[in-house]
Amino acid sequence: MTQNPDLPDGIPEDVAAMMAARRERWLTLDGVTESPLRLAIAALAIAFGAWHVLTNVYLTEPGMWQNAIHFAGFAFFASVIYSPWGKAADTPRGIAVDIAYGLLVALSALWIAGAETGLYERTLAQTGLSWQFRTMDVIAGLVLIFAALDLSKRVSGWVIPILIIISLSYILFLGSYLPGVFRAAALPANDVLFRTLFNDEGMFGILATISSTNITLFMIFGGFLVASGAADFVIELSKVVAGRIRGGAAFVAVLSSALTGTISGSAIANTASTGVITIPLMKSNGFRPKFAAGVEAAASTGGQLMPPIMGAGAFVMASYTSIPYATIVTVSIVPAFLYFLSVAFIVRIEAIKHNVGEGISLEVDRGKMLSGGLAFVLPLAVMIWLLMSGVTPSYAASWAIATLIVVSWGATLLSKLVGTGTFAPVNMGPSKIAEATMMGIRSSILTGVLLVAIGIMNNAIVTSGVGNGFSLMIAQWSQGSLVLAILLIGLASLVLGMGLPVTAAYIILAILTAPALAGILADGIIVQALMDGLTDPVQSAMFMLVDSPHALKVAEGMTREEAVALMRAIPFELAVTIRPVLVDPALQATFLLTAHLIIFWLSQDSNVTPPVCLAAFAAAGIAGSKPMATGFQSWKIAKGLYIVPLMFAYTPLISGSFAEVLQIGVFGLFGIYATNALIQMYAEGPLKAWHYPLLICGAVGSYWALNWTANLIGAALVLAVIVLSRRGMGASTHPTKSATP
């Protein structure tokens with residue numbers, strides 16, 4: 001494999017193509033004075049980052065203008081950085097064409113924002129006519145749609161452009177030729193163009209707002225944390241916590257990825273940044289290369305599940321569910337810990353099974369830990385405090401950035417007073433602020449382009465109503481079975497994830513399947529109501545429209561089997577009417593959030609699940625292991641991605657009281673350990689045949705939600721196997737250390 005000199009060491013070129021481009025260094029301070037062009041682009045990136053802070057704190061542009069400026073900037077940077085010309089990209093002609101194209105797209109976005117008022121005036125003045133676009137409006141709109149296709153292809157491959165083309169074709173003409181629930185009336189081209197550009201669901205609507213207000217600011221904040229040395233603090237702190245534990249190097253990978261997830265929220269970025277340190281550490285600690293790479297990929301994937309950033313997931317959920325961002329972050333804390341501990345259990349079992357990770361002390365650089373500690377802890381604490389107090393995420397991120405800068409100045413002054421070489425914090429002066437801002441803008445290009453492009457698909461789905469058809473299909477295929485619905489969504493997320501970034505896959509799946517999954521979750525409440533009997537004549541009358549013999553028993557009550565059969569007989573359109581009447585609005589919101597969290601967690605599996613698993617492939621490049629073997633290893637290690645969503649569905653893990661969540665989480669850990677031991681066929685020592693039924697029963701009892709008797713028996717059985725296998729290990733011969741793949 002060839003290596004691009006502009007990329008992190010150890011990342012193979014075929015994986016790096018999805019992570020960077022030939023001109024990525026143009027958005028760094030390296031060689032910024034080599035040419036006036038590089039200096040101008042760097043200055044533009046810094047100004048663009050400053051605008052994102054100002055527009056979310058002080059400026060008051062209309063939403064359309066804010067989103068148009070946001071896309072204009074990122075379209076320009078995507079055009080310049082992700083050049084399509086191959087070897088000709090570095091020629092004067094290639095550079096000139098990319099810059100001219102980027103400026104054309106940027107100007108088109110600004111033109112459309114400025115044309116909105118006149119468009120409404122002309123249309124409303126001529127009642128009965130379709131939207132009155134001028135020639136320049138049409139040209140600018142078509143340029144933007146083409147740019148969405150082209151730039152999304154440059155940053156993420158062909159899948160999004162193909163889906164956009166299918167979406168536009170569907171509402172223009174294709175839907176009128178399809179049968180059944182997928183049939184849709186064709187819309188006039190003028191109407192499609194207007195909805196695509198100006199609808200809340202279109203290019204400059206809800207998704208673009210999420211990117212312009214929240215995601216970019218958190219990415220810039222992440223850039224400041226990295227530039228200030230906070231990333232070094234994360235690694236050193238992880239060494240302190242895990243350095244004396246057996247297999248400590250692998251635990252460093254788990255802890256550092258969990259903490260780095262609070263900074264970046266990107267699996268591949270986590271793998272590239274922490275993996276170059278942790279994977280060699282794990283290999284020197286005796287772990288097999290493919291296992292070391294698998295641990296890093298699985299742990300880095302958890303970074304997108306780790307509050308407060310969670311990739312872009314929390315922001316999208318807040319917009320689609322109307323549930324406060326702080327609530328989503330809060331309910332995600334325990335599940336994130338469950339995931340990282342599930343990875344840690346695998347590390348523990350692997351270390352004992354292969355007798356690795358003993359007698360190696362991880363040296364801690366106390367200077368880096370002390371210097372980066374204040375820059376990590378205080379700004380993050382300010383941001384979390386502000387989020388919990390109810391301010392917007394963008395406002396909290398802006399003040400966290402300001403806090404970090406001030407803290408760095410104070411720490412620098414303190415270091416001069418103390419006069420020790422150990423405590424040497426990074427002073428966030430002009431050059432460091434510029435470096436951090438450009439780092440944040442560079443890491444935001446992908447989401448800045450994709451969320452606007454996905455708006456075209458979002459508009460087509462909402463306008464045509466195909467989302468209801470897809471939800472109907474999920475409901476029919478699953479036959480009301482929650483586990484089947486989750487399995488279908490999991491398969492769909494894996495297929496989409498082969499060609500889409502995780503955030504894009506989540507958004508598409510959430511639009512298409514979240515209503516159906518939330519409905520199936522709500523049906524459990526209705527089943528219980530049917531078993532008890534509906535005394536309200538208005539409520540019971542709704543079931544008279546259902547073609548089922550059990551409908552006659554609605555008022556008097558029925559068995560659970562009869563209630564389930566009746567629910568399965570309800571047409572999708574009628575079920576949508578019945579649920580709001582029988583299910584409390586607060587519970588409906590909880591079920592919707594649960595559905596979104598399940599989909600979001602399942603969408604992460606494309607990072608670690610073959611055949612396309614970019615985080616695993618990136619880790620394999622660093623470890624020197626076989627990519628596909630590493631993919632399968634990371635998939636085994638990341639099984640928490642499947643266990644925790646099932647806990648969302650079948651337990652009140654996110655809706656219960658603090659005591660209930662604590663009980664589910666603590667005993668769930670015993671179940672997760674038992675599950676890992678069963679898959680690895682190893683615990684604290686080799687498992688004997690009679691250990692397996694104990695582990696199975698222990699897992700079932702531990703997962704049984706809010707049943708103290710089952711929980712205590714289950715935990716006792718798992719502990720018994722741990723003790724018994726440890727004794728068996730003492731009587732057996734340790735396997736030899738091995739670092740072979």
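Buried means under 20% relative accessible area, exposed means over 50%, and partly exposed covers what lies in between. Tyrosine 395 has a relative accessible area of 31%, so this residue counts as partly exposed. Keep in mind that you're looking at a predicted model.

## Aromatic pairs

Let's turn to the rings. A pair of aromatic rings is described by the distance of the centres and the angle of the planes. How many aromatic pairs does a search of the whole structure find? The search turns up 20 of them.

One of these is phenylalanine 48 with tryptophan 51, a stacked pair with 6.0 Å from centre to centre and 5 degrees between the planes. They sit 3 residues apart in helix H2 (residues 36–57), so about one helical turn separates them. Both residues are tucked away: phenylalanine 48 is buried, at a relative accessible area of 7%, and tryptophan 51 is buried too, at 13%.

Now for tyrosine 395, which forms an aromatic pair with tryptophan 399. This pair is tilted, with 55 degrees between the planes and 6.2 Å centre to centre. Both residues belong to helix H17 (residues 393–418), where they are 4 residues apart, or about one turn of the helix.

What about tryptophan 399: buried or partly exposed? With a relative accessible area of 37%, tryptophan 399 is partly exposed, and tyrosine 395 is partly exposed as well.

Definitions and conventions:
Residues numbered from 1 in each chain as written. Predicted model: local features only at pLDDT ≥ 70, side-chain atom pairs only at ≥ 80, totals over all residues. Heavy atoms only, no water. Phe/Tyr/Trp six-rings, centres within 6.5 Å; stacked < 30°, edge-to-face > 60°. Helix = DSSP H or I, 4+ residues; strand = E, 2+ residues; numbered from the N terminus. Buried < 20%, exposed > 50% of the residue type's maximum accessible area, 1.4 Å probe, protein only.
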